[in-house]
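Please open the model in your viewer and keep the sequence panel beside it.

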Amino acid sequence: MSKNVRLEKDLYPPMCKWLQEYLEDNYRGCEIIVEDTSQVCLDSVLEHYGVINEYPEVVGIGMQIDVLGIVKEKQKVSLFFIEAKKTPLNTHDLGQILVYSRICNPEKAFLFSSAGTGSLEKLIRQREDLTFYSQDKRLKMIQIAKWDVARNMPDVISMIPKIVSVSYTHLRAHETK
């Protein structure tokens, strides 16, 4: 039987750690901020870090992202979202992060569940377009996966759609722990 957490908030610290490492691997030389923002509104966090002007559309909406990553490059700020669940994923979970992603257009958005992809997996395999949230310069899709509680990382085999870029060193670091 697979392990699961007692409370959803128990997923946030390992997801913060994973996202921090993922961003450090992929955005070398940039300022990286990762934190559990599940209890605060996104506009407050962006205001705190001085980047609210980049995302004026979030002011007053009351969005709460479970885990937020901010990457500050020279002239660019990018957001990274993780929504965490401890129950099998469903369309409601996808809808939540899909709306957040369409509003903010993060660089990447992840939907992870320690209980697996649930009924959402069959739907997404048939209708991958339901994960699209931006087609500006390039296609952006929500990445959905089971969160491996034992390894404290997404189960890459369960990832849908299968386009996530995970650096080789990042995967190797987790395999040796």
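A residue is called buried when its relative accessible area is under 20%, exposed when it is over 50%, and partly exposed in between, using a 1.4 Å probe and the protein chains only. Ser 44 is found in helix α2, and its C-alpha atom is separated by 9.6 Å from that of Val 58, which is 14 residues apart from it along the chain.

Before going further, please note that this is a predicted model, in which local features need pLDDT of at least 70 and side-chain atom pairs count only at pLDDT 80 or more, while totals for chains, interfaces and linings use all residues. Residues are numbered from 1 along each chain as its sequence is written, and side-chain values use heavy atoms, with hydrogens and water left out.

**The whole chain**

Colour the chain by secondary structure, where helices (H or I, at least four residues) and strands (E, at least two) are DSSP runs numbered from the N terminus. The protein chain has five helices and eight strands, and along the sequence these follow the pattern α-β-α-β-β-α-β-α-β-β-β-β-α. Of its 177 residues, 49% count as buried. If contact is taken as heavy atoms within 4.5 Å, then among contacts between residues at least 6 apart in sequence, 64% join residues at least 24 apart.

**The sheet**

Next, select the strands of the open sheet, which has six of them in the order β1-β2-β3-β4-β7-β8, with mixed pairing; two strands pair if DSSP finds at least two bridges between them. At the edges stand β1 and β8 (153-154), each with a single partner strand, so one side of each is left without a neighbour in the sheet. Begin at β1, which pairs with β2 in the antiparallel sense over six bridges, and look for Ile 32, whose bridge partner in β2 is Val 71.

Then move to β7, where five of the six residues are buried, so this strand is largely enclosed by the rest of the structure. Four bridges join β7 to β4, and the two strands run parallel; here Phe 112 stands opposite Ala 145 in β7.

Select residues 12-26 to show helix α1, whose 15 residues reach 21 Å from the first C-alpha to the last, close to the 21 Å expected at 1.5 Å a residue, where the expected span is 1.5 Å times one less than the number of residues. Its buried residues include Trp 18, Leu 19 and Tyr 22.

Now show the rings of Phe, Tyr and Trp (its six-membered ring), which pair if their centres lie within 6.5 Å, with planes under 30 degrees apart counted as stacked, over 60 as edge-to-face and the rest as tilted. The structure holds eight aromatic pairs. One of them joins Trp 18 and Trp 147, edge-to-face, at 6.3 Å centre to centre and with 85° between the planes. Trp 18 lies in helix α1 and Trp 147 in strand β7 (residues 143-148), so the pair ties together parts that are 129 residues apart in sequence. Both Trp 18 and Trp 147 are buried.

For another pair, select Tyr 27 and Phe 80, whose ring centres are 5.4 Å apart and whose planes lie at 65°, so the pair is edge-to-face. This pair links Tyr 27, in the loop between α1 and β1 (31-36), with Phe 80 in strand β3 (residues 77-85), 53 residues apart. Tyr 27 is buried, with a relative accessible area of 18%, and Phe 80 counts as buried at 0%.

**The nonpolar cores**

For the last stop, a nonpolar core is a set of buried Ala, Val, Leu, Ile, Met, Phe, Trp, Tyr and Cys residues joined through side-chain atoms within 4.5 Å. Which residues have the most contacts inside the largest core? They are Leu 42, Leu 46, Phe 81, Ile 142 and Ile 144, in a core of 29 residues. The largest share of this core, five residues, comes from α3. A second, separate core of 24 residues includes Val 5, Ile 32, Phe 80 and Met 159.
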